[in-house]
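The sequence and structure come next.

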Amino acid sequence: MNRTLEEMLVESCAPTLAGIKPANLFRCPETPELFQSICEWSERLKENGLRIRVMKWCKKTHTCLIYVCRWDWVQRVLAQNKVKEFLVCNGYDISKGIEAIICQLARRLCVEKDFPHEIGIFLGYPLQDVIGFIQNNGQNYSCCGHWKCYGDAAEAQKTFDSYKKCTACYKRMYEKGIPLIKMITAA
């Protein structure tokens, strides 16, 4: 059964759509209507401060990685001095702005053999946890949920719980027939 892009947005991006997370990334199967649907949702989401884009399209597996973000929030995250330093140390040219930085990430997703773990920054994960994941090769974490935590486990768990509750709430509302566009919190 093919799920619609709208259903995948509800299931995979509720915290971002609700305004409690800066971004989500999800994989979806390529369908004949996918790219048209992305264009349509891009226009609909824009008025709420959200952007949607294909970060990677794999011809081999016929899947796409879709990035949905609150543009202003991601911009604020990427403007933090420690985040900028981290990105520069990881080979990013931050001089051309957020669009160029996200394009660099998309290129890395497409051409690098290993998954670029700095992607956590673009999804709103704490810098400490992104660095901890990279330094520990994904091992020795204090707790695990939407990401592996190397910092404040109690705070991370609260965040994981809020994302889980938000997603469950969005799914219930959607199942009751409330259109996704009516559930989105404006920026």
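The buried residues of α5 pack against β2, β3, α3 (71-78), α4 (81-89) and α6 (119-122); buried means under 20% relative accessible area, exposed over 50%, and partly exposed in between, with a 1.4 Å probe and protein chains only. Contact means heavy atoms within 4.5 Å, and helices (H or I, at least four residues) and strands (E, at least two) are DSSP runs numbered from the N terminus. The model is predicted: local features need pLDDT of at least 70 and side-chain atom pairs count only at pLDDT 80 or more, whereas totals for chains, interfaces and linings use all residues. Residues are numbered from 1 along each chain as its sequence is written, and side-chain values use heavy atoms, leaving out hydrogens and water.

**Helix α5**
- The buried residues of α5 are Ile-98, Ile-101, Ile-102, Gln-104, Leu-105, Ala-106, Arg-108 and Leu-109.
- The end C-alpha atoms of α5 are 20 Å apart, in agreement with the 20 Å that its 14 residues should span at 1.5 Å a residue; the expected span is 1.5 Å times one less than the number of residues.

**The sheet and its helices**
- Three strands form an open, antiparallel sheet in the order β1-β3-β2; two strands pair if DSSP finds at least two bridges between them.
- The edge strands, β1 (23-29) and β2, each pair on one side only.
- Antiparallel strands β2 and β3 (residues 63-70) are joined by eight bridges.
- Helix α5 (residues 98-111) packs on the sheet, touching β2 and β3, and its direction makes about 25° with that of β2; axes are lines fitted to C-alpha atoms, for helices over the stretch in contact, and angles run from 0 to 180 degrees between N-to-C directions.
- Helix α2 (residues 34-46) lies across β1, β2 and β3, at about 160° to β2.

**Val-54**
- Val-54 lies in β2 (residues 50-58) and is partly exposed, with a relative accessible area of 24%.
- Not counting residues up to four places away in sequence, Val-54 touches Phe-35, Ile-38, Cys-64, Leu-65 and Ile-66.

**Nonpolar cores**
- In the largest nonpolar core, of 25 residues, Tyr-67, Leu-78, Ile-121 and Phe-122 touch the most other members; such a core is a set of buried Ala, Val, Leu, Ile, Met, Phe, Trp, Tyr and Cys residues joined through side-chain atoms within 4.5 Å.
- Helix α5 gives this core its largest share, six residues.
- A second, separate core of 24 residues includes Trp-41, Tyr-170, Leu-180 and Ile-184.
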